[in-house]
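Trainee: I am new to this entry and would like to go through it step by step. Please start with any term I will need.

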Amino acid sequence: MTFQEIIFWFFSAVLVFAALRVITARNPVHAALFLVLAFCTSAGLWIQLEAEFLGIALILVYVGAVMVLFLFVVMMLDINIERLRQGFWSYLPVGGLVAALLVVEMALVLGGPWFGLGEAPRPAPAPEGYSNTKELGRLIYTDYVYPFELAAVILLVAIVAAIALTLRRRKSSGRQMDVAQQVQVKRADRVRMVSMPAVKEDKVEAKEEGGK
Amino acid sequence: MEYIMPLWPAYPELFLLVMACVILLVDLFVSDDNRIVTYGLTQFTLAGCALLTFFTGNAEPVYTFSGMFVDDLMADALKLATCVAVITVLVYARAYNAARGLFTGEFFTLALFATLGMMVMISANHLLTLYLGLELLSLSLYAMVALQRDSVRATEAAMKYFVLGALASGMLLYGMSMLYGATGTLEITELARLANEGVRAQVVLVFALVFIVAGLGFKLGAVPFHMWVPDVYHGAPTAVTLFIGSAPKFAAFAIVMRLLAQALGAEALTEEWRNMLAVMAVLSLAIGNLTAIMQTNLKRMFAYSTISHMGFLLLGVLSGSIDGYGAGMYYVVVYVLMTLGAFGMILLLARDGFEAEDLDDYKGLNQRNPWYAFLMLLLMFSMAGIPPTVGFYAKLSVLQAVVEIGMWWLAVVAVLFSLIGAFYYLRIVKLMYFDEPADNAPISASGDVRALLSVNGIAVLLLGIAPQPLLVLCIEAVRASI
């Protein structure tokens, strides 16, 4: 076993363990942290596949930015895990059966000869001065420019949707006024002078009795 | 530059994208009272998009963007239909949205981006663009369902739609990755060539097919992947339900054609997916029609009727012949026409604080307004498939295609369940003509809605009297593209 293989098996084992813990951990914060671990180990695997840029981008973007934000959200939300698990046992027999069938069928195909190492021969070694990042950049802006722009549009939709769904315009409470306007107020704006002849009103009780 | 040349086949998409961004900006400077400006710009964009599609259309397929984009006759026809459908949706939805605070810039920009997603899907010649178009459409739709954010029902519907939609996208993506594993390419024409020659890992192709068919089943809303349809149709604001139920069906049909008929259309693979589609079609027809009978809510009833219509669509596709695909396309066009009319009627009868979505709300419509009742009668007859409305010919052409490949039993089952389905369509006719009205509020609508709804209803009748031209157009479009 070469050193590379040892690294591969180590990363793979940690990845599988972390992925399992993501879905089995009781505490959502732990689950998010295990997801970070899973990302880190898969980044290691990608670097072994000579996809250095993708590996580093995974760490920088997902671990550095997305997951940190995600952790914040998870910590702020008070998720009632017990309620989420309600009915787990009653759905388990059917769900477990379907899942087991699916796993067996997938294993039959994926474990077959079509996914062996022989099917994916080692690519020719890259020439000196070859830059994985440069090649990716070239492809994104040439052959893949159309899907690249579409991905940008999807992000734009995400922004529009997020604002449309969460922005609450503050209703003006009615008390706040422009200070300049308040200062400029004149007597005529507040007091209305009315001239009317003097009237003598009857007493209220008398009026009510008369009404009856 | 050769990577994006020629550019002209994508003019409709480019125009739509640029205008959607312009509208997004213009809307910021428009006050709530002048929202009609955004509405006008949106309609102008869609109309311009339809015209551009018409004038850049051509009979021979043209590939561009390094073979990721295809402009063929089927794409042109479907894009044109999509634009017209979205224009109609926005006209019908205007008054309804204005009464419910949904007449906002976001509604229009999301609708435009959704339309862009549909057009990308329709013109996709690469699994990557196909998937991106699908996500663009789906994300816009999730947001539109949730737009009425104070409504618990709408939020719940959006959540269900989002979770199940994400699951479906995952399945589709997994299937696509398996296709890549087996063939080493994502380009649809290349995939078709390799699949025809036969690849070594045929089993992997079939394995991929299972996931792709499941993903497509989710997106179409066919049984057993239909659970989201009734809840989303019921929970979403009716204007959004109309949007979801109409134009995206063209895009769904397009991806079924691109994935199954084009990429995986090889003889041996057709046999495989024919059986899967047959099971889904029969289940959809059975569960859709039987469950619709039990519904008292019109939107829910139409949701189940949609499931059964999707069963019919699958029947057309599974025949695997040009005539069958053409019949399927014809069925989609007719189905969208009927859906637009039916939901347009719900929107017409709805007013501030009243949704007009229960069956009882249609009692005695004939006494309240004979013309609307007549239009609804035409639409219901067409959905049930009663001649001389166009729904009959749509069903007939699909059944012919199924009989031609010798699957008699499927045709018999389809006819039986259509007969059962006729019951709940005719029940609405009975309520409208033979019951006393429960509510006598006057029905008011602006001139454009009345005119368009009348054209919509009459079209169902006229296309039924002269069904041939549209059917021939659909078959020719498919013949020139597949």
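Mentor: A salt bridge here is a side-chain nitrogen of Lys or Arg within 4 Å of a carboxyl oxygen of Asp or Glu. Keep in mind that the model is predicted.

Trainee: Which residue forms a salt bridge with B:R258?

Mentor: The cut-off for the nitrogen and oxygen atoms is 4 Å. The closest N and O atoms of the pair are 3.2 Å apart, and the partner of B:R258 is B:D72.

Trainee: How many residues apart are B:R258 and B:D72?

Mentor: B:R258 sits in helix α11 (residues 248-263) of chain B. B:D72 is in the loop between β2 (69-71) and α3 (73-99) of chain B. The pair links distant parts of the chain, and the separation is 186 residues.

Trainee: How many salt bridges does the rule find across the interface of chain B and chain A?

Mentor: Over all chains, the structure holds 17 salt bridges. Across the interface of chain B and chain A, the number is zero.

Trainee: What area do chain B and chain A bury between them?

Mentor: The contact involves 26 residues from chain A and 36 residues from chain B. Carbon and sulfur atoms account for 79% of the buried area. The area itself is about 2,900 Å².

Trainee: Which element gives the largest share of the side of chain B that touches chain A?

Mentor: Elements of chain B that give two or more residues to this side include α1 (11-26), α4 (105-122) and α5 (127-146). Also among them are α6 (152-183) and α8 (202-220). The largest share is nine residues, and it comes from α5(B).

Trainee: How many residues on the side of chain B that touches chain A are nonpolar?

Mentor: This side has five polar and five charged residues. The nonpolar residues number 26.

Trainee: Which residues lie nearest the centre of the largest pocket?

Mentor: The largest pocket has a volume of about 2,400 Å³, and 43 residues line it. Its lining draws two or more residues from each of α1 (3-24), α2 (28-48), α6 (132-141) and α7 (145-166) of chain A, as well as from α5 and α6 of chain B. By type, the lining divides into 32 nonpolar, six polar and five charged residues. Nearest the centre are A:W46, A:L49, A:A51, A:L54 and B:Y180.

Trainee: Which element gives the most to the lining of the largest cavity?

Mentor: The largest cavity has a volume of about 220 Å³. Of the 18 residues that line it, the closest to its centre are B:L137, B:L141, B:Y161, B:K219 and B:W228. At least two lining residues come from each of α5, α6, α8 and α11 of chain B. With five residues, the element that gives the most is α11(B).

Trainee: Which element supplies the largest share of the lining of the second largest cavity?

Mentor: About 70 Å³ of space lies in the second largest cavity. Its lining has 13 residues, and B:N289, B:S308, B:M383, B:K395 and B:S418 are the closest to its centre. The lining divides into seven nonpolar, five polar and one charged. The largest share is four residues, from α18(B).

Notes:
Residues numbered from 1 in each chain as written. Chains lettered and ligands numbered in written order. Predicted model: local features only at pLDDT ≥ 70, side-chain atom pairs only at ≥ 80, totals over all residues. Heavy atoms only, no water. Contact = heavy atoms within 4.5 Å. Buried area = accessible area lost by both parts, 1.4 Å probe. Nonpolar A, V, L, I, M, F, W, Y, C, P; charged D, E, K, R; others polar. 1 Å grid on protein atoms, 1.4 Å probe; cavity = no way out; pocket = protein on both sides within 12 Å on 5 of 7 lines; lining within 4 Å. Points joined across faces, edges and corners; volume = space filled by probe spheres on them.
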